[in-house]
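Colleague: I am new to this structure. Please take me through it by question and answer.

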Amino acid sequence: MKKITTLLFSAIYVLLFAGCSTSLKVEPTPLTIAPTDVQVAAAAMVNMNASQLSALINKPLFRMKPDEVGRYIAYLQIAEPNLRARIAHLGRKNIGQPYDIYLLGEFPYETIDDQPLFNLEKSDCVVFAEHTYAMALSQSWQEFFWMLQRIRYRDGVIGVTTRNHYTEADWNPQNQWLVSDITAALAGERTQRYPLTVDRTKFFKSRYNLNHSVPIETVTETFVPKTAIANVASQLQEGDFVNVISSGQNGGFWASHVGIVVIGKNGERNLLHSAEPMVREESFDAFIQRATDR
């Protein structure tokens with residue numbers, strides 16, 4: 001595996017009242033892109049001709065087969081050497097991908113959750129982020145599949161009990177080789193904090209009827225209130241990982257949604273994420289307004 005431990009993506013935890021589901025209707029933009037001479041030359045280095053490259057450039061990722069994904073990410077490693085730019089490119093190439101929650105499991109490695117280990121056709125917010133990062137870090141289908149499991153499971157060990165179920169207590173700390181929390185560094189005194197108690201034993205029993213004893217854990221997280229987002233958004237970099245923090249009826253907070261930062265044509269920071277009905281890119285202001293309206 002390539003050395004990536006010193007290239008950390010930032011995590012900013014923002015207080016927004018939204019989950020993965022919304023009613024916004026977004027239609028994918030048809031692609032009619034002709035490959036440049038530079039792109040054709042890059043494709044030739046992975047034994048892909050201009051016609052094959054043109055077909056893949058104009059095909060959304062969620063309509064590709066595994067072998068096409070493998071060829072495309074191999075080409076992209078050469079055509080776009082900047083990792084953050086690859087993340088943005090691959091994420092945008094999935095705009096329009098249909099949303100579906102709870103669509104992945106451990107089949108055929110394990111049958112407790114018999115959903116498959118990957119699904120290119122659909123995503124939820126976490127699956128979208130995991131696939132985007134794993135593809136950007138890889139140069140073959142085999143490497144992508146391995147990287148996906150490394151991101152999704154504790155130490156890359158496939159199993160329902162090793163899956164990173166909780167964003168704050170599992171996903172973020174288990175992926176410290178990939179992400180680094182810069183919330184406090186960005187927002188300073190504007191940040192707020194909340195405790196989250198994680199009872200995995202109860203979770204495994206209620207969700208999977210599985211008797212698996214794990215000590216109860218309490219984590220304390222820092223987040224940026226939505227009123228302070230405008231003050232820190234310009235400091236975010238393309239490819240940064242965003243946790244959206246929601247408030248429940250009982251007053252507790254939790255990470256209910258995730259997305260990836262991309263930079264728009266005029267330098268504005270946008271949120272690229274998977275939410276019902278499909279993957280879309282929108283400004284932070286638009287996302288916050290729509291979440292507030294809900």
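Colleague: Are Tyr194 and Phe223 buried or exposed?

Modeller: Buried is said of a residue under 20% relative accessible area, exposed of one over 50%, and partly exposed of one in between, with a 1.4 Å probe and protein chains only. By that scale Tyr194 and Phe223 are both buried.

Colleague: What should I know about the model and its numbering?

Modeller: This is a predicted model, in which local features need pLDDT of at least 70, side-chain atom pairs count only at pLDDT 80 or more, and totals for chains, interfaces and linings use all residues. Residues are numbered from 1 along each chain as its sequence is written, and side-chain values use heavy atoms, with hydrogens and water left out.

Colleague: What is the mean pLDDT of the protein chain?

Modeller: pLDDT is the predictor's confidence in each residue, from 0 to 100. It stays under 50 over residues 1-9 and over residues 16-29. In the protein chain, 89% of residues reach 70 or more, and the mean pLDDT is 89.

Colleague: How many helices and strands does the protein chain have?

Modeller: Both are DSSP runs numbered from the N terminus: helices are H or I with at least four residues, strands are E with at least two. The protein chain has eleven helices and eight strands.

Colleague: How many aromatic pairs does a search of the whole structure find?

Modeller: Rings of Phe, Tyr and Trp (its six-membered ring) pair if their centres lie within 6.5 Å; planes under 30 degrees apart count as stacked, over 60 as edge-to-face and the rest as tilted. Searching the whole structure gives twelve aromatic pairs.

Colleague: Why is the pair of Trp141 and Phe144 called tilted?

Modeller: The ring centres of Trp141 and Phe144 are 5.0 Å apart, and because their planes stand at 55°, the pair is tilted. Trp141 and Phe144 are three residues apart in helix 6 (residues 141-152), a separation of about one helical turn. Trp141 and Phe144 are buried. Ring pairs also link them into a cluster, made up of Phe118, Trp141, Phe144 and Phe145.

Colleague: Which strands hold Tyr194 and Phe223?

Modeller: With ring centres 5.7 Å apart and planes at 50°, Tyr194 and Phe223 form a tilted pair. The pair ties together parts that are 29 residues apart in sequence, because Tyr194 lies in strand 3 (residues 192-198) and Phe223 in strand 4 (residues 217-225).

Colleague: Which residue has its charged end over the ring of Tyr102?

Modeller: A charge sits over a ring if NZ of Lys or CZ of Arg is within 6 Å of the ring centre and within 35 degrees of the ring normal. Over the face of Tyr72 lies Lys93, 4.8 Å from the ring centre. For Tyr102, at 5.0 Å from the ring centre, the residue is Arg207.

Colleague: What is the bridge partner of Ile260 in strand 7?

Modeller: Strands pair if DSSP finds at least two bridges between them. Strand 6 (residues 253-263) has eight of its eleven residues buried, and seven bridges join it to strand 5 (residues 241-247) in an antiparallel run. Four bridges join strand 6 to strand 7 (residues 269-275), also antiparallel. Ile260 is the bridge partner of Phe241, and in strand 7 the partner of Ile260 is Leu272.

Colleague: Which residues does Ile78 contact beyond four places in sequence?

Modeller: Ile78 is in helix 3 (residues 66-79) and, at 33% relative accessibility, counts as partly exposed. Contact means heavy atoms within 4.5 Å. Leaving aside neighbours within four places in sequence, Ile78 is in contact with Ala42, Met45 and Val46.
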